[in-house]
Amino acid sequence: MKVHHLNCGTFDSPLAGTIVCHALACETDNGIVLVDTGFGLADLADRSRRLGPLPRLMGAKFFESETAVRRLEGLGFATSDVTHIVATHLDFDHIGGAGDFPNATIHTTAVEDAAARARASASDKVRYRPAQQPPDSEMRTYSGPGEPLLGFPDAHRLDTIGDGFFLLPLPGHTKGHAAVAVDTGNGWLVHAGDAFYHHSVVAPPGVDSPGFQGRFMRVVEKVLADDRSRISENHRRLRELNTQQSSHVTVFCAHDRKQLEELQQRG
Ligand SMILES: [Zn+2]
């Protein structure tokens, strides 16, 4: 499977530095499968209604050239080529681009879909933007027991997409957050969404210093988490997966620029 690593949104701020919105475009026999989407064209056209105040406060840059639809056009694909979108979660910087692909079915956990529709807490009202949420008819959600995969006991196999796509429930950042595992045929890619923010989290102990940016992003992670008590355990599981199975598993997050650039160079 050929996989393209795309940056579909950039944030720039003095303390956090430059962070990205890392999306995957996977070429499959059943069309293009996106994992996360960053911001979309409608977000750029109507920022205040679609996104609210938070992206601007976080230093969001809104470049049309970075939207998934424009990135894919640059690779020679049409919007109709995208048949499925797998969302790690439904925050504004992950689902915004979905509306640019009207033929796509959107996959996420049932818990995440319910949380995004309920917007029950003040923080959920900020993170989940009603104008971005896809209609029920385009959603496919997953719940209940799954199957063991990569150390996760209840992985959901996304069999309507075809072989090789799984949701690995990993709540904490949001109620129904999940990592997305893709079997490329040449190893596993695990897109961990916002389950961590800096590459040092999944490096072997002592190998990669977090530095100022890494330490700052851990503070941000706590502020943005729905359940901060889960953060450390999620980090441990992902670090273990990334270090102990590194010959065939690569774990990365949505917003780390270094990981994105390394995977783009790896091709
Ligand atoms: Zn995010």
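This is a predicted model: local features need pLDDT of at least 70, side-chain atom pairs count only at pLDDT 80 or more; totals for chains, interfaces and linings use all residues.
Residues are numbered from 1 along each chain as its sequence is written, and side-chain values use heavy atoms, with hydrogens and water left out. Pro-135 is located in the loop that connects α7 (122–127) with β7 (139–142). Its C-alpha atom is separated by 13 Å from that of Leu-90, a residue 45 positions away along the chain.

The protein chain contains 10 helices and 13 strands, assigned as DSSP runs (H or I, at least four residues, for helices; E, at least two, for strands) and numbered from the N terminus. Its radius of gyration is 17 Å, which agrees with the value near 18 Å that a compact globule of 267 residues would have; the radius is taken over C-alpha atoms, and the globule rule is 2.2 Å times the number of residues to the power 0.38. The C-alpha trace spans about 45 × 40 × 35 Å along its principal axes. Of the 267 residues, 52% are buried. Among contacts (heavy atoms within 4.5 Å) with a separation of 6 or more, 61% involve residues 24 or more positions apart.

The accessible surface of the protein chain amounts to about 11400 Å², with 49% belonging to carbon and sulfur atoms; accessible areas come from the Shrake-Rupley method with a 1.4 Å probe. There are 27 positive and 33 negative side chains, and the centres of the two sets lie 7 Å apart. Lys and Arg count as positive and Asp and Glu as negative, while His and the chain ends are not counted.

In α10 (residues 257–266), Gln-259, Leu-260 and Leu-263 are buried. These residues cover an arc of only 100 degrees around the axis, which puts them on the same side of α10; the arc is that of the directions from the helix axis to the C-beta atoms. They pack against β1 (2–13), β2 (17–28), β12 (188–191) and β13 (249–252). In α6 (residues 110–118), the buried residues are Glu-112, Asp-113, Ala-115 and Ala-116. Viewed down the axis, they fall within an arc of 165 degrees, so they line one face of α6. The packing partners of this buried set are β6 (105–109), α7 and β7.

Helix α6 is followed by Arg-119, which is found in the loop between α6 and α7. Arg-119 has a positive phi, near 45 degrees, in a residue other than glycine. Most residues other than glycine have a negative phi. Asp-36, likewise not a glycine, has a positive phi of about 65 degrees. Asp-36 lies in the loop between β3 (31–35) and α1 (41–45) and is buried, with a relative accessible area of 2%.

Val-35 belongs to strand β3 and is buried, with a relative accessible area of 0%. Excluding residues up to four places away in sequence, Val-35 touches His-22, Ala-23, Leu-24, Val-86, Val-180, Val-182 and His-191. The C-alpha atoms of Val-35 and Val-182 are separated by 9.3 Å, although the two residues are 147 positions apart along the chain.

Terms used
Buried means under 20% relative accessible area, exposed over 50%, partly exposed in between (1.4 Å probe, protein chains only). The place of a charge is taken as NZ of Lys, CZ of Arg, CG of Asp or CD of Glu.
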